[in-house]
Amino acid sequence: MNFEENIDERTNEKFTYSKHFNPTCNFQVAISEGKLPLKGEEQNNDYESKSLKILHDYIIKASKESDTLELYTSWNGEENLPLRNKTELAIENLTPEKLILRDREQLIIKNKTFTYIT
């Protein structure tokens, strides 16, 4: 998988991938390549399983630095179309299989054990 940060290469400034993300998000990462299945279109092959595991591990690692993570799936160019579904999930209940979303579905992952270090 290739991950892209939300930094405009020309201006070196952050931008948002979608209006559906909370504007207080410090970091947004887009997956530009990879084989993440959409719900209902899973092929249940090794490539999909590996991609889901990589994303799951990435989210678990990121949860060490944030109390809330947001995952949103959309086709390129359709990022701001209306959401079809929005759900919340505790990080403790997150599995790679729960990362399989429908097109234009948003998953809010809450980490209640996170504590800010100042």
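The legends below describe close-up views of a predicted model.

Local features are reported at pLDDT of at least 70 and side-chain atom pairs at pLDDT 80 or more, whereas totals for chains, interfaces and linings use all residues. Residues are numbered from 1 along each chain as its sequence is written, and side-chain values use heavy atoms, with hydrogens and water left out.

**View 1. Confidence across the protein.** The mean pLDDT (the predictor's confidence in each residue, from 0 to 100) is 87. A value of 70 or more is reached by 92% of the residues. Confidence is highest in β4, with a mean of 95, and lowest in β2, with a mean of 71. Strands (E, at least two residues) and helices (H or I, at least four) are DSSP runs numbered from the N terminus.

View 2. Apart from neighbours within four places in sequence, D8 is in contact (heavy atoms within 4.5 Å) with E13 and F15.

**View 3. Aromatic pairs.** Rings of Phe, Tyr and Trp (its six-membered ring) pair if their centres lie within 6.5 Å; planes under 30 degrees apart are stacked, over 60 edge-to-face, and the rest tilted. The count by this rule is 2 aromatic pairs. In the pair of F15 and Y17, which is edge-to-face, the centres are 5.1 Å apart and the planes at 70°. F21 and Y72 are also edge-to-face, because their planes are at 85°, with ring centres 6.1 Å apart. This pair links distant parts of the chain, 51 residues apart: F21 is in the loop between β1 and β2, and Y72 is in strand β3 (residues 68-73). Buried means under 20% relative accessible area, exposed over 50%, and partly exposed in between (1.4 Å probe, protein chains only). F15 is partly exposed at 35%, whereas Y17 is buried at 18%. F21 is buried at 14% and Y72 at 13%.

**View 4. Strand β5 and its partners.** Because 5 of the 6 residues of β5 (residues 105-110) are buried, the strand is largely enclosed by the rest of the structure. Strands pair if DSSP finds at least two bridges between them. β5 pairs with β3 in the antiparallel sense over 6 bridges, and L107 is the bridge partner of L71. β5 and strand β4 (residues 85-90) run parallel, joined by 6 bridges; here E88 has I108 as its bridge partner.

**View 5. The largest nonpolar core.** A nonpolar core is a set of buried Ala, Val, Leu, Ile, Met, Phe, Trp, Tyr and Cys residues joined through side-chain atoms within 4.5 Å. The largest has 13 residues, and those with the most contacts inside it are I59, L71, L94, L99, L107 and I109. At least two residues each come from α1 (46-62), β3 and β5, with α1 giving the largest share, 3 residues. Not counting residues up to four places away in sequence, I59 touches L69, I91, L94, L99 and I109.

View 6. K98 is partly exposed, at 40% relative accessibility. The K98 side chain reaches the backbone oxygen of N93 at 3.2 Å. Leaving aside neighbours within four places in sequence, K98 is in contact with L89, N93 and L107.

Methods:
Polar contact = N/O pair within 3.5 Å; in protein donor to acceptor, adjacent residues only side chain to side chain.
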